[in-house]
Amino acid sequence: MQTGPEIRHSLCRMCDDRCGIDVHLEDGRIVDILGNKDHPWNRGRLCAKARAAVDMIYHPDRVLTPLKRTADGWEQIPLDQALDEIAGRLADVRDRYGARSIGVWKGEAIGFGQQETVARRFAHALGSPNYLSNDSMCYVGRYMGFTLVDGAWPIPDLENARCIVLWGANPPYAHPNMTQYITAARRKGATLVVVDPRMSAIARRADIHAQVRPGTDGALAWGLVRQFVEMDAYDKAFVEDHTIGFAKVVDYARTFTPEMVEAETGLPAATVKAMARMMADAAPRMAAYVGNGLEHHENGVGNIRAIAMIDGLLGALDHEGGTLFKEPAPLRDLTLYDEMPLRHLSPLGTDRFPVLYDMRQECHTMTAMEAILSDEPYPLRALVMTGANPASTNPNSPKVIEALRSLDLLVVRDLFMTETTAVADYVLPAASFLERTELHAHAKHQIVSLTDKVVSWPDVQGEYDFWHDLAVRLGIGEYFPWEDETALNRWLLEPTGLSLETLEAHREGVEYSPPRVGRRRQAGFDTPSGKVEFASAYLKDLGYDELPVYHRPAYRREPDAARPFVLMTGARKLLYLHSRFRNIPRFRTAIPGPEVEMHPDDAAALGVADGDTVRVTSPIGAVDLPVKVVAENEILPGNLQVTHGWREANVNLVTHDDRFDPVSGFPLMKSIEVSVQKV
Amino acid sequence: MRIVAVDPDACVACRDCEYACAFRQSGDFARSASHIRVNFYADERACVPLTCMHCEDAWCLAVCPAAAIDRDPGTGAVTIDATRCAGCKMCLLACPYGNIHFNAETGVSAKCDLCGGDPMCVRACISGALRYVDAEELADLRREVVDASLKRLLRLSKGVR
Amino acid sequence: MHVVIVGNGAAALSALESFRGHDRDSRVTLVSGEQGPAYSRVLLPYYLRRRLSRDGLFIRRADDYARLGAATEFGVRAEGVDPARRVLELADGRRLGFDRLLIATGSSPMRPPIPGLDGPGVHTLWTLDDAVRLDSVFREGARLVVLGSGFVALQAAWAARQRGLQVSVIELLDQILPRVLDPAAAQILSERLHACDVEVRTGTRAESVETDRGGRVRVSTSGGDRLPADAVIVATGARPNDQLLPECLEPDRPGIPVADTMETVVSGVYAAGDVTRGPTARGGPREIHALWPTAVEQGRVAGANLAGAGRSYGGSLSMNVTEMFDLTVASLGQFVEDEGDDVFEEHDRGGIRYVKIVTRAGVPLGAIAMGAPEGAALLGRLRPFVRHRRALPDLPAFLAREDLDGRLAHRSAAKERTSCASLQ
């Protein structure tokens with residue numbers, strides 16, 4: 001039957017920003033995706049990734065039937081058989097090594113969403129504390145840094161700010177539509193400071209591009225703190241009423257003179273002063289946002305805490321134009337941490353990185369690799385993962401592959417074959433974000449919304465159906481009593497007083513509570529002390545620095561003459577998300593392949609030009625990459641940048657899985673000492 | 001009529017607009033197929049999106065020896081009829097802004113046609129630098145940009161003090 | 001008021017449209033010796049090259065004239081003007097009264113004083129009829145001699161080559177395209193012609209053309225050769241059709257001189273297009289710029305002033321662009337340097353093989369670009385500076401800003417090769 005053109009409203013999940021989209025269908029097939037003009041976040045605008053979801057969904061390489069590894073290669077098997085066999089093998093592992101030897105891993109390749117809590121529930125229902133995810137390499141470091149100080153990671157009120165400060169963040173590529181809000185503020189006269197060793201896309205618009213050396217942001221933050229104190233420009237009432245540790249801060253900041261900051265960061269002392277003045281003048285309408293650039297260092301959380309302190313000092317916390325505390329959506333919690341705590345089973349990495357588990361109930365993925373290979377502290381023998389590709393995205397890829405290969409069972413659910421499915425025992429087709437039904441909460445606008453299944457394939461399951469079917473086979477079906485996704489969504493939504501039908505009528509989202517400013521100032525901050533914690537007794541008790549003391553990056557502290565370059569990895573490209581989308585042909589046209597970004601002086605010294613190949617070598621390994629010589633002001637001499645996720649030149653061959661931030665456990669991926677040779 | 005207003009002070013040269021336009025023209029993301037072009041000059045940190053302004057007195061339209069350029073009565077867009085274009089390139093020479101491009105594959109000139117009234121470049125512009133506005137609003141938008149620059153300049157001069 | 005426009009080309013049509021922008025009511029009659037709605041002369045080589053169909057040459061529909069409220073007298077030549085009585089005399093004896101008159105009669109191909117040019121095998125490429133005749137002459141393997149090496153000559157040569165003819169070009173001067181290119185650019189194009197197996201004889205005079213009884217032609221050259229051919233095209237330039245109103249001419253000088261209002265010395269009589277000698281953008285004496293864009297510009301001013309708008313023309317700026325043998329050749333303004341001028345030259349930038357810009361005291365006066373089509377766009381961006389005599393202090397920076405796409409350049413180069421190969 002011919003059905004006419006049809007538009008379904010949904011949310012894009014090509015990244016985690018969840019922009020409103022209009023999905024255009026003809027005869028049941030998606031033909032285009034455009035921005036939903038009614039959505040409060042993106043207001044009809046949409047980056048190039050979103051529209052290309054069509055290419056992803058109908059890609060000829062989609063995995064659409066379950067695959068089982070056999071001696072003769074992949075064998076297509078019926079879904080029921082696959083689930084039966086996987087359940088059987090999981091039961092074997094559980095019987096032999098205990099439930100905690102089974103891990104569950106959430107990735108992001110199928111589109112972000114509620115899969116996380118379903119997966120967490122499954123692990124606990126099974127009796128394993130080992131929930132792993134890519135969050136422990138992106139996001140959690142910042143969540144931790146801010147939550148330790150403020151009790152939450154507040155959201156910058158960009159559009160009402162008079163000064164915006166971005167630290168190691170490049171919204172145009174990483175959170176495209178956030179750029180609109182920066183523009184809106186700048187059109188009202190707001191200034192923009194971008195702290196980044198590279199001239200990122202957003203740095204092109206900065207009034208001050210603070211081009212600091214990688215991993216020295218903490219020194220700059222402390223330098224600013226010192227300036228605010230010197231200038232008498234901090235918010236005394238806020239500091240008095242709402243913070244603890246100010247005296248210690250003043251004392252510690254003393255040595256961070258603009259000259260000392262210049263020596264450490266490379267930023268001219270005058271710029272440090274100008275930046276402080278600009279921020280102080282705008283306060284409390286100073287909105288700061290920290291990006292992933294700060295996380296992948298051995299001093300990441302400390303640096304982030306130091307930056308977080310500035311919001312408190314300037315009284316920008318819980319203030320319009322500063323940073324806002326949003327109320328979470330009152331949805332039911334699907335996880336079982338309260339009903340069934342499993343910390344006593346020693347979630348992997350908890351002993352070394354207790355804060356990671358305390359705050360996020362996450363295990364440490366690098367420790368998990370060690371556990372697989374060594375059976376220490378106990379065996380981890382099976383992993384079930386959806387949309388994750390650690391063989392590409394975790395540091396030290398060869399070791400990850402070796403570990404995954406040695407598992408008794410590796411099950412990967414994904415849209416495509418990846419570096420990780422290459423060592424899997426079973427590959428199951430996963431549902432993309434337009435092939436399942438789920439609830440979303442958009443904290444910035446305090447709205448909930450519902451997205452629906454728009455297209456479907458016979459053997460492709462949504463997250464809930466998969467975990468449900470596996471749970472039933474493993475005898476833990478009682479934890480998954482809902483008939484389907486919709487029944488689950490209805491249950492989750494109940495406490496909000498909203499109905500699924502209301503959400504169906506308002507795909508752009510429905511407010512669950514009106515945003516309020518000043519609530520935290522009245523009711524106290526969600527920290528142990530109820531105050532903004534410049535000094536953290538919690539960290540002190542765990543043996544960490546009470547203050548966010550600045551630790552110089554290793555390459556500054558003990559320069560290694562044999563490895564004179566500092567390699568940053570992981571800067572986002574507009575069209576790619578981690579290891580994803582390299583198989584979309586039009587993206588390849590635009591951004592054809594990997595490259596190492598290099599300063600012209602370094603290229604000259606190495607005798608290389610655009611397109612020449614160099615070998616980048618770290619203590620972990622080496623990778624060959626084509627050179628991209630950027631402009632003089634786009635990168636500092638001696639620094640290199642390589643974006644991750646390229647199968648043909650995987651930079652995680654050289655990243656560290658043996659050096660971590662002590663609090664978050666994040667690996668060293670953005671200030672790696674390397675040598676470079678022309679090949 | 002409405003035109004695509006361009007604000008270089010907001011542009012970050014992310015190239016989303018080029019991809020969106022190129023995709024509409026060719027089904028692929030090659031910049032060369034895009035009618036809007038964003039030039040980025042690293043030394044000055046300048047981002048300059050260039051796209052047809054559909055000039056009220058369009059010289060390209062007047063000068064086309066094949067009468068292949070016309071104004072769309074619905075959108076007001078200055079459009080090229082590819083079936084009439086002989087490929088003489090007079091329009092390329094006529095446009096003072098470099099906003100007409102030659103498609104070497106088809107041998108005809110190509111330019112922005114406002115996508116029939118819903119320009120894809122604007123739908124893809126995540127910075128808000130591109131806006132599809134009434135031509136009369138242009139002056140207001142320019143004033144807004146100038147005002148903001150002045151305000152920022154004031155703050156900057158204070159900051160550097 | 002009754003306005004009469006003589007002509008049906010770029011200047012006439014532009015004037016008609018411009019007039020109607022100012023005056024919707026007055027009577028207008030358009031007179032043309034040729035039949036039917038307007039076609040585009042500059043596109044005739046594209047027709048011969050089979051790039052355009054015959055229908056594609058027409059740039060107005062029959063009903064466009066009525067839509068613009070103009071009566072038409074097609075196929076009737078205007079023979080003369082009685083300025084005192086304000087009457088236009090038509091070839092069929094009719095007399096057309098006017099209040100204001102526009103002479104936009106264009107130009108005609110020059111016939112150099114070579115014996116034998118009136119033979120049946122000798123053609124021009126000027127009118128639609130010429131082109132249709134030549135279309136039947138363009139048979140694969142036939143031999144063609146082209147006299148002259150201007151735009152028309154070389155475009156005809158290219159069309160002939162693409163249609164599989166053997167082509168020789170004879171140019172009296174030492175380089176091809178003498179009025180459009182400087183020697184360096186001419187050299188690049190000559191090499192291209194050579195690569196495409198076009199024989200080019202510069203510095204050569206055609207002494208005579210003989211046609212035998214079988215219609216075969218021989219062209220004798222100053223070098224003493226006798227070139228056999230199936231056809232000859234004479235394309236050695238054009239001269240204005242300026243004899244309609246001798247009263248407005250200056251003695252022994254071709255072209256109707258006009259003021260910057262496009263009015264002639266005869267009050268109420270205007271001229272525009274190839275027929276005029278008009279003001280130029282760089283000042284100085286009036287010149288004939290027999291170019292399409294100049295005709296359009298002049299027509300606009302004349303049309304407005306026919307309606308009494310009081311417009312003034314900023315002067316013509318020569319601009320040329322064409323594609324020949326897969327090379328885009330564009331030029332603008334004064335591209336050959338005088339003493340005291342500065343020259344900026346660059347070779348092989350992206351797909352642009354050659355760029356030359358002539359400046360004086362930082363003000364660009366003119367330019368040439370050859371190679372990729374982007375060269376035309378580059379000159380387009382330069383044009384306002386030339387026209388308004390605006391200084392462009394940092395020329396290399398201006399060029400660098402032409403953010404050429406490497407991939408595009410690469411593709412144009414590939415296309416160049418394939419089309420040349422297809423000739424063999």
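This is a predicted model: local features need pLDDT of at least 70, side-chain atom pairs count only at pLDDT 80 or more; totals for chains, interfaces and linings use all residues.
**Entry 1: chain B as a whole**

I began with chain B and looked up its make-up. The chain has 5 helices and 8 strands, and along the sequence they follow the pattern β-α-β-β-α-β-β-α-β-β-α-β-α. I then looked at its extent: the C-alpha atoms fill a box of roughly 60 × 30 × 25 Å along the principal axes. Of the 161 residues in chain B, 52% are buried. I also checked the contacts with a separation of 6 or more, and 56% of them link residues 24 or more positions apart.

**Entry 2: where chain B touches chain C**

Next I turned to the contact between chains B and C. Chain B brings 27 residues to it and chain C brings 34 residues. Which elements of chain B supply at least two residues each? I found strand E2 (37-41), helix H2 (59-63) and helix H3 (90-94) of chain B. H3(B) gives the largest share of that side, 4 residues. Sorted by class, the side of chain B that touches chain C holds 19 nonpolar, 4 polar and 4 charged residues.

**Entry 3: the domains of chain C**

I moved on to chain C, which is divided into domain 1 (2-107 + 239-306), domain 2 (122-236) and domain 3 (326-421). I looked up the spacing of two of them: the C-alpha centres of domain 1 and domain 3 of chain C lie 33 Å apart.

**Entry 4: an open sheet in chain C**

Here I traced a sheet of 5 strands in chain C. The sheet is open, its order is E3-E2-E1-E7-E19, and the pairing is parallel. Which strands sit at the edges? They are strand E3 (70-74) and strand E19 (269-271) of chain C, each pairing on one side only. From one strand to the next the twist averages 20°.

**Entry 5: strand E10 of chain C**

Strand E10 (residues 143-147) of chain C is mostly covered, with 4 of its 5 residues buried. I looked for its partners. One is strand E11 (residues 166-170) of chain C, joined to E10(C) in the parallel sense over 5 bridges; there Leu147(C) has Ile170(C) as its bridge partner. The chain gets from E10(C) to E11(C) through helix H5 (residues 151-162) of chain C, and this β-α-β crossover is right-handed. Strand E16 (residues 231-234) of chain C also runs parallel to E10(C), with 4 bridges between them. In E16(C), Ile233(C) stands opposite Val146(C).

Most residues other than glycine have a negative phi, and most peptide bonds are trans. I went looking for exceptions.

- A cis peptide bond joins Ala283(A) and Pro284(A), with omega about 5°. Pro284(A) sits in the loop between helix H12 (269-282) and strand E13 (286-290) of chain A.
- Another cis peptide bond joins Glu376(A) and Pro377(A), with omega about -5°. Pro377(A) sits in the loop between helix H15 (365-374) and strand E15 (382-386) of chain A.
- Asp232(A) is not a glycine, yet its phi is positive at about 60°. It lies in the loop between helix H8 (217-230) and helix H9 (236-242) of chain A.
- Arg389(C) is not a glycine either, and its phi is positive at about 50°. It lies in the loop between helix H8 (374-387) and helix H9 (395-400) of chain C.

Is Asp232(A) buried or exposed? I found 8 other C-beta atoms within 10 Å, so Asp232(A) is exposed. Arg389(C) has 14 C-beta neighbours inside 10 Å and therefore counts as partly exposed.

Note on methods
Residues are numbered from 1 along each chain as its sequence is written. Chains are lettered from A and ligands numbered from 1 in the order in which they are written. Two strands pair if DSSP finds at least two bridges between them. Axes are lines fitted to C-alpha atoms, for helices over the stretch in contact, and angles run from 0 to 180 degrees between N-to-C directions. A residue is buried if 20 or more other C-beta atoms lie within 10 Å of its own, exposed if 12 or fewer, and partly exposed in between; C-beta atoms are placed from the backbone. Two residues are in contact if their C-beta atoms, placed from the backbone, lie within 7 Å. A crossover is right-handed if, with the strands pointing away from the viewer, the path from the first strand over the helix to the second runs clockwise. Ala, Val, Leu, Ile, Met, Phe, Trp, Tyr, Cys and Pro count as nonpolar, Asp, Glu, Lys and Arg as charged, and the others, Gly among them, as polar. Domain bounds come from an automatic or database domain assignment.
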